Amino acid sequence: SGFIMPEELQSKVIYFVMFFSFAIIMLQIVFLGISIVSYLYDTNRREMSKFKDMSYFLLKNYPDPVMLADTNGKLLILNDAAEELFKFKSDSEKQNMKDFLNPKEYRRARSYFAQAIQQHKNVQYESKITLEENQVRNFKIQMVPVAAGNEKISEIFIIGTDITIENQIQ
């Protein structure tokens, strides 16, 4: 009739089948984990891309002049209002804050810039900026540090609000 295994061999076969089944289940769990991580990474990457596109759109269409500078003061991005106000394009020869500020205002701006970087916080001050037509305008300047994932400041948003008319009324 049927084949009868010795008890010792039978226990080894049962052990092997259980171990093999456990290994298959563990591999399925690992593949499921990899799939979930891959999905989350891909979703996160898509969301970050959407956020970056939306931020860039808001920056470019903000009514006040906005610039993004690296920690050395090199201008990375200017919105349309900044390009129009200072009469230059972001890809032109004027690549640094010192290119459109007089030396005194540049030194003053640079000290606030350094303060924003060192203290990791927003800094606000008022400044008189002479435009290309020798027109002096009063601006409220806000410097907003941008920290990368490791808490190191990598860039600074510089937002200028023209308060010339407000100051004249007062």
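Analyst: A cavity is a set of grid points where a 1.4 Å probe fits but cannot get out, and its volume is the space filled by probe spheres set on those points. Rolling a probe the size of a water molecule over the atoms shows where empty space is left. Note that this is a predicted model.

User: How many cavities of 30 Å³ or more does the structure hold, and how much space lies in the largest cavity?

Analyst: There is one cavity of 30 Å³ or more. The largest cavity has about 140 Å³ of space.

User: Which residues lie nearest the centre of the largest cavity, and which elements supply at least two residues of its lining?

Analyst: The lining comprises 16 residues, with Met-67, Phe-100, Ile-129, Ile-141 and Ile-158 nearest the centre. Helix α3 (103-119) supplies at least two lining residues, as does each of the strands β3 (123-130), β4 (136-147) and β5 (153-162). By class, 13 of the lining residues are nonpolar, two are polar and one is charged.

User: How should I read the sheet? In what order do the five strands stand?

Analyst: Strands of a sheet pair through backbone hydrogen bonds, either parallel or antiparallel. Here the five strands form an open sheet with the order β2-β1-β5-β4-β3 and antiparallel pairing. The edges are β2 (75-78) and β3; each has a single partner strand, so one side of each lacks a neighbour in the sheet. From one strand to the next, the twist averages 25°.

User: How many bridges join β4 to β5, and how many are there between β3 and β4?

Analyst: Nine bridges join β4 to β5; Ile-141 stands opposite Gly-160 in β5. Ile-141 is also among the residues nearest the centre of the largest cavity. Between β3 and β4 there are eight bridges, and Lys-128 has Asn-138 in β4 as its bridge partner. β3 and β4 form a hairpin with five residues between them, and Asn-134 in the turn has a positive phi of about 60°. Strand β1 (residues 66-70) pairs with β2 over three bridges, with Ala-69 opposite Leu-75 in β2.

User: Where does α3 lie relative to the strands, and which residue forms a salt bridge with Glu-105?

Analyst: α3 lies across β1, β3, β4 and β5, and runs at about 160° to β3. The structure holds two salt bridges. In one of them, Glu-105 pairs with Arg-108, and the closest N and O atoms are 3.7 Å apart. Glu-105 and Arg-108 are three residues apart in helix α3, so about one helical turn separates them.

Terms used: Residues numbered from 1 in each chain as written. Predicted model: local features only at pLDDT ≥ 70, side-chain atom pairs only at ≥ 80, totals over all residues. Heavy atoms only, no water. 1 Å grid on protein atoms, 1.4 Å probe; cavity = no way out; pocket = protein on both sides within 12 Å on 5 of 7 lines; lining within 4 Å. Helix = DSSP H or I, 4+ residues; strand = E, 2+ residues; numbered from the N terminus. Nonpolar A, V, L, I, M, F, W, Y, C, P; charged D, E, K, R; others polar. Pairing = 2+ DSSP bridges. Axes fitted to C-alpha atoms, helices over the stretch in contact; angles between N-to-C directions. Contact = heavy atoms within 4.5 Å. Salt bridge = Lys/Arg side-chain N within 4 Å of Asp/Glu carboxyl O.
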